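Q: I'm new to this one. Can you walk me through the structure?

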Amino acid sequence: AERMKLINQLRTQHWFCLVSREFERLGITDWQVLKPTGRGHPKLVARINGRIFKTPVPSTERGGGDHKYLVNRIRKFAEAEE
């Protein structure tokens, strides 16, 4: 229940839309956002080409951030050879 609350909160944020569209474009379905352990940010975790991708993501929306860096990290990880 707590995780669904987090997902519903994040779903309205700009970065979530960018990231979910990029995963869809790449055909990646195995991804999730994990709540922070203690203090800190939620973690985006995905299985890309058999490898695990992890990165912190914003928990609150702030003006001025376009969050394209998250999409770029996903692309670079997906394009990198093992």
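A: Helix α2 passes α3 in a right-handed crossing (the near helix is turned clockwise from the far one by less than a right angle). Helices here are DSSP runs of H or I with at least four residues, strands are E runs of at least two, and both are numbered from the N terminus. This is a predicted model, in which local features need pLDDT of at least 70 and side-chain atom pairs count only at pLDDT 80 or more, while totals for chains, interfaces and linings use all residues. Residues are numbered from 1 along each chain as its sequence is written, and side-chain values use heavy atoms, with hydrogens and water left out.

Q: At what angle do α2 and α3 pack?
A: About 25 degrees, with the axes 8 Å apart. Axes are lines fitted to C-alpha atoms, for helices over the stretch in contact, and angles run from 0 to 180 degrees between N-to-C directions. The two helices are therefore roughly parallel to each other (under 35 degrees).

Q: Which residues of α2 and α3 make the contact?
A: From α2, they include Trp15, Leu18 and Phe23; from α3, they include Leu70, Val71 and Ile74. Contact means heavy atoms within 4.5 Å.

Q: What about the sheet, how many strands form it?
A: Three, in the order β1-β2-β3, as an open sheet with antiparallel pairing. Two strands pair if DSSP finds at least two bridges between them. From one strand to the next, the twist averages 20 degrees.

Q: Where do the helices sit on it?
A: Helix α2 (residues 14-26) packs against β1 and β2, its direction making about 155 degrees with that of β1. Helix α3 (residues 68-79) touches β2 and β3, at about 165 degrees to the direction of β3.

Q: Changing topic: is His67 buried or exposed?
A: His67 counts as buried because its relative accessibility is 9% (buried means under 20% relative accessible area, with a 1.4 Å probe and protein chains only). It lies in the loop between β3 and α3.

Q: What is His67 in contact with?
A: Leaving aside neighbours within four places in sequence, His67 touches His14, Trp15, Leu18, Pro58 and Glu61.

Q: And what is the phi of Asn49?
A: Near 55 degrees, a positive value in a residue other than glycine. Most residues other than glycine have a negative phi. Asn49 lies in the loop between β2 and β3.

Key: Parallel < 35°, antiparallel > 145°, perpendicular 65-115°, else oblique. Buried < 20%, exposed > 50% of the residue type's maximum accessible area, 1.4 Å probe, protein only.
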